[in-house]
Each structure stands twice: as structure tokens, then as C-alpha cells.
Amino acid sequence: MINNAKQYVLPSREGGLGTFGGVFTPSILTILGVIMYLRFGWVVGNVGLIGTLIIVTLSTSITFLTSLSIASIATDQRVRIGGAYYMISRSLGIESGGAIGIPLYFAQALSVALYTVGFAESVVRVFPGLAEKWVGVITTVLVAGLALASAKAAIRAQYVIMIGIALSLISLIFGSPLENSNIEMWGASQANSEGFWTVFAVFFPAVTGIMAGVNMSGDLENPNKSIPTGTFAAIGVGYVIYMGLPVILASRADALTLINDPLIMRKMAFWGDAILIGVWGATLSSAVGSILGAPRVLQALAKDGILPDMFSFLAKGSGKDDTPRIGTMFTLGVALIAVWFGDLNLIAPVLTMFFLTTYGVLNIAAGTEKFLGSPSFRPKFKVHWFFSLLGAVGCIAVMFLINTGATITAMIFVAIIFAWLKRREMESAWGDIGRGIWMAVTRAGLMRLSEDLEPKSWRPNPLVLAGSPTKRWHLIEFANNLTHDRGILSVASVLSEGNITTEQMYSMKANIKEFLSRRGIQGLVKLISSKDRYQGVTDLVQSYGLGALEPNTIIIGDSDEVKYRHEFCSMIKRFYELQRNVLIVKKGSDFDAFGRRKRIDVWWGGLKGNGGLMMILAYLISSSLDWREAHLHIKMVIDDEDAIASTRHNIEQVLEEIRIDAKADIIYSDGRSFDEILLSSSAESDLVFLGIKVPDGNFEEYYSDLQKRIAGLPTTVLALAAQEVSFGEVLIQKDTMQDN
């Protein structure tokens, strides 16, 4: 069953939010948030001034590289509701988008809890009589109420908050030291300090505020312009502030004081209460930014059909702005659970992993698009693919350095979602870069793949001349058992020219592909039309393929039509001249062409030519899933009864050397003809392999006689080895360097 990703016509964004209000304001207020006010002193105290500046620079570098990728994607496509999820899904595909979008949603929802818990912590320190959890719960509800009222109203409220934050920073700058102490370059003593990467994990959510602006993509008047401009401005302003604050903190208090007092800035500031205004404003504005962004990601996931059908109601929006009120209520529930059970230092590292994963995939999306040079990827903001992939590597490396176990857990979580979406076989109208990636890989492989035949890497790449696949399914089934889903299987048919239109041919091709897919067969389909079907088949075999990737084995059904015997034999001769191995499958009398699939007979004359080819084919068939219970019999007829034991011994030695599990059946002729022995000995087999001679001037007569001789046998494969490759060497790998 195929689920189509749903497409919706989104409302016009005329009169939507601008760069300052829609991107810069929510981004900078989320950057200058709870971590800055309540944990920045703790960061400086643990790793010192130098360590803090390194953490700030490293974190901002990752964010900046990601913002370059975001700007590249945002200026290439019309970014609609869903922000980062929308960008990833329209670049890497719906499965990748969903695999990242769902964790991104939870990261945004948990961010609401992070900021309201931080707000509650600061309030309780000022008013000890209040219960921290209840303050957090009530604050979360009020923040959600503001978001439900109007996104524009929430943004306007953030302008007031920005003034309060600016006032708090000015008050801090003009403050005074708490104690006489030298600047702590490397933080507290080892016994009392946290490790560098632990501190990094706590701090990193402070620079993830760019997502607050990106997630408002659906509410922006011009997201292609606003997202890059507003994001770069917020990162720049945030970096300047975060590089200046550690100097102030480290010069005004020692490490232990900074670690033990989350509201240390209040004591340092010229007007202490300004810090409270700032921290309360920052935490509330950050919470507002997250409660605005998370429901929009959730709404986009539901609109694209990513979520199970039971959550389809989350796609519904309200009013002309398509406000996700239902999604906001759902997010409120998730946030309240996190507030009730959460802790600031516990929530922050979890968010770090989710955000780093999102950042990494955004970088991969932009870098891959640019590297492939897809004609459809034409961003106005051009970024070299190296910087995007550097950002991706940075994200992954930092994740492992912070917590290897948590990183692996996050990746498994994303992989599970991806596999779940892939299993649902979702289709989207916008496509993805997956085809471009495979095209690039295929091209690179073709350019490097030698056309020289190498025995060690040989495997059959069959071209099945199936006619009507539904009537000759046994040919396709046989070919599939040879490839083991590793060789390249092609199914071809030649249609009568003039009796079919191009549209009908494309329709038939699609039907054959679906027919194969329903039966679990992976293969290419090729249809052509020709006035003469035999000439058409010959032309197809001669021209089909690309570089070294051309069919090396032609599988065709037997033809007992006497009037076409000449054309059929001429076609086989031409295949041989084109150096294509030929397998003519003559179906037995059973309803199922391959009976019980219990026994395979190979009438053998040695490893050279047909004998080596048949041995390889028989081994591949017997090791396939369908024939897993089959026993392989190597049959040989001799005239000397005394030589039976030695012949059997010799064949068993060969079988041991080529590592094939088979039984050697040595048959004494005792005056009987080969045909008589063949019919009696293989009567109970399910599949028989026989070699045929190289086509010559008498091949038509030879083939007519051969058809009579094998009449009455079970399904029989007539093998003709034509490639210039030693099939004996395929079976027995020689060390030519040692031999020489």
C-alpha cells in the first residue's frame, strides 16, 4: 500500500512578518536566553575564560556554518511552513525530512520546558516561598495562551522584552566586581569542575536560537530574503555579546562563586533588578519563540502525511494565517510533562543532541545539493559544498565528543523513524536528491569500471527475453535466482511495430515494473517495437547496456515453432558472436516449471567452456532462497566400468577445490546411448543443465535434433558459453603472481 505525501495550497503570506520581527527578534531573544542568564556564570566557572571563549566560538562556528546551509536552501526554494523540516524534506526526501522533523519537533517542544523551567528557577530564587514546578506549569500555560492568541501579538510582545534585555546588559556592563580575584583562565580546580564537553553540552542550546526564526518560515512575507538576513544578524550580535560577557564574569568573581550562584549577574549589575527583568524577559521570549515554532513543525509533518492517520487533525489551522491552534495545545501537553518531571541541566543536553542532529542533516542537504551540481538547485546565496559538509562533520564530531552513547541513541532514534517511513512507502510530489546521489555514484562507478573481463568479479547480469512476463514468469524467476539481488537483471520484450502507441508502451512498462515489484523482483524493464521480432531482439541485445554494464547472459524460452526455426537459430548464433552467454530454457511438462526444487542435474564435461558456466549457474541456483533444499548432482557418462571409481575421485577432488557441495554421479554406459541414459537418469530431477555446441553451419539441424532428444525431460537449461572469460578460473581462483 502506498501513502502519498499530501500537498496543500498554503495561504498567501502577503502582509506577513518581516526580517526584523519574524526572524531576527525571535532568534536573538532565544540566543540571549536562559542559558546566558542562569548558566553562563556556571560555564565560566567550570572551564575558565579561555575555555568559555573556545566553547562560544566552536558553538557559534557550527551554528554559522549551518546558517550558511540554511541560507543556501532558503534562497533556492519557497520555504513554507515547517522551517528546517520543510527544507530537509524537500531536499533529501520525505523519509529523511520526517526522520529529522519528528525529533526536531520534540526538541522545540522541550525547549519550551527548558525556558519555563529556567524562568521558574529564577523566580523561586527571588521568592523562595513559591513552588518551582507550579510556577513552571502556570508560566507554560500562559505562554501557550499568548501563542494561541496571535503570532504577531507574540512577536510584538517580544519587542518589549528586547528592550528589557538590552537594559539588563547595560546594567551588567556598568556593574562592579564582587570580590578581588584574578581572571580564572581555566576555571575551578579539577575536583570541583565539570568536563569541557559536559559544559559544552549545557551551553550549546544557547546558540540554537536560529531555529526560532527559521521555524516561522510559514508566517514570513519573504522567507527567501528574511531567513538569511535575519539569521546572520542574530548570530553576529549573539557572538559579540557572548564573547564579551565571559570577560566581565571572570574579572568580577572567582570560579566557585560563579558555579554556585546561578543569579550571579544580579549581584554584579549596577541595577540588580534589571537582570531579573532580563532573565524573565529572555526566558519568556524564548519560550514564546519555541511555542510558536514547534506547533508549526508539527503542522507541517501532519500536512505532509508523515504522522500516523490518527494525528491527521494536527494539520488543521485556524484563521487566515492558518495558525496551528490544535498543534499548540498538543505541544502544551508535551511541554507540561517535561516541566513537571524535568530539570534544566537534564533537558539542555537532550536538546543539544536533537539540534546537532538537525544541524548536521541541514548541512548534508545543502552540501550534497551543491556537490552534485543539480540543475534544479540554483540558490541566490551560494555556498561552497565544503563549508556545508564541514559543518556536518563538526556537528557529528561534537555529538560524539559530548556523549557517545547519547549520540548513538539519537542516531538509532532517527534511523528507526526513517525505516518506519520507508516501510510506509511514502511518495512525494517534490522528489529529493536521492536520485542525484545515485546518478553521481553510478557515473563514478561506470567511469572506473573496467570493460576487461575479470574472472574473480564475474557474475551473471541476465537479460530475460520474456515476451509477455505473465506467461513466461519461470524465465524471470530463474534469472532472479541466479542474481541473488546482486547482478543486474533486465526484463525485455519486443512488440510488433505499428500495433502499439508510445503511450501504450510506457503504460505496459509501468505495469511490468509493478508486476515485478509485487513479486519482490528488482530489475530493469526494456520495451522496444520492431517489424521483425527476431531482428528486434538481436538489435536490442547488441545495443542494450552502458559501458561495462551490459548483459552478459541472455535467457530465452525454447521455441518449437518449425516455421521460425531458422530465425531462432540465427538469433542464437548472433548472440554467440556478440559474446553473450545464452541460456535456452525448455519448460518441462509440470504445471510448476521447477517442480519441487529438490534436485539439480548438471551433465558435465569439465570446467572448460559450457562445463564451467553450468557449474557456476548450478551453484548460484542451489544457493538461492527458493532452491535452498536442493541437492546438486554432477553427472558424467563413461564407457569403461573400471574407471568409475577413479573418475568419481577426480570429480570429487575438483568439487572440493572449487568449494561446491555436490554429488558426483558417474554412470557406466553399458552399451546404452547417451540420450537413453539422459532421459532415464534425469527423469526425477527438477532442473537439468545441458551444454550445447557452438553454432555453425549445421546448427539449425543440430538444434532440431536436440529438441527431439530432450523431449520428456523436466525443465532443461541449454547452456552456451560465449564470453571470453575462463569460467574455470571463476571457480578456481589462481594466484598468478605465485604461479609466475
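## Patches, bridges and a buried strand

Trainee: Which residues make the nonpolar surface patch of about 770 Å²?

Mentor: This is a predicted model, so local features need pLDDT of at least 70, side-chain atom pairs count only at pLDDT 80 or more, and totals for chains, interfaces and linings use all residues. Residues are numbered from 1 along each chain as its sequence is written, and side-chain values use heavy atoms, with hydrogens and water left out. A patch takes residues with over 30% relative accessible area and no salt bridge, joining nonpolar side chains (Val, Leu, Ile, Met, Phe, Trp, Tyr) within 5 Å and like charges within 9 Å; the areas are Shrake-Rupley values with a 1.4 Å probe, and only the protein chains shown count as cover for residues. On that basis the nonpolar patch is made by Leu167, Ile170, Ile173, Phe174, Phe270, Trp271 and Ile277.

Trainee: Which helix gives the largest share of the nonpolar patch?

Mentor: Helices here are DSSP runs of H or I with at least four residues, strands are E runs of at least two, and both are numbered from the N terminus. Trp271 sits in the loop between α12 (264-268) and α13 (272-303). The largest share, three residues, comes from residues 151-173, helix α7.

Trainee: Is Trp271 buried, partly exposed or exposed?

Mentor: Buried is under 20% relative accessible area, exposed is over 50%, and partly exposed is in between (1.4 Å probe, protein chains only). Trp271 comes out at 41%, so it counts as partly exposed.

Trainee: OK, now charges. Which helix gives the most to the negative patch?

Mentor: Asp and Glu count as negative and Lys and Arg as positive, while His and the chain ends are not counted; each charge is placed at NZ of Lys, CZ of Arg, CG of Asp or CD of Glu. The patch is formed by Asp532, Glu567, Glu700, Glu701 and Asp705. Asp532 lies in the loop between β3 (524-530) and α21 (533-543), and at 36% it counts as partly exposed. The top contributor, with three residues, is helix α26.

Trainee: How many salt bridges are there?

Mentor: Side chains of opposite charge can pair when their charged atoms come close. The rule used asks for a side-chain nitrogen of Lys or Arg within 4 Å of a carboxyl oxygen of Asp or Glu. By this rule, the count is 15.

Trainee: How many residues apart in sequence are the parts tied together by Asp675 and Arg709?

Mentor: Asp675 is partly exposed at 24%, and so is Arg709 at 25%. Their side chains form a salt bridge of 2.9 Å, N to O. Asp675 belongs to helix α25 (residues 674-681) and Arg709 to helix α26, so the pair ties together parts whose separation in residues is 34.

Trainee: Which residues are linked in a network of salt bridges with Glu477?

Mentor: Asp592 bridges to Arg597, with the closest N and O atoms 3.1 Å apart. Asp592 is partly exposed at 32%, whereas Arg597 is buried at 13%. The network links Glu477 with Asp592 and Arg597.

Trainee: What is the phi of Arg597?

Mentor: Arg597 is in the loop between β5 and β6. Although Arg597 is not a glycine, its phi is positive, at about 55°.

Trainee: And what is the phi of Asp670?

Mentor: Asp670 is in the loop between β8 (663-668) and α25, and at 52% it counts as exposed. Asp670 is not a glycine either, yet its phi is positive, at about 50°.

Trainee: Which residue in β5 is the bridge partner of Ile555?

Mentor: Strands pair if DSSP finds at least two bridges between them. Strand β4 (residues 553-557) and β5 run parallel, joined by five bridges. The partner of Ile555 is Leu583.

Trainee: How many residues of strand β5 are buried?

Mentor: Both faces of β5 are covered: Asn581, Leu583 and Val585 on one side, and Val582, Ile584 and Lys586 on the other. The strand is largely enclosed by the rest of the structure because its buried residues number six of six.
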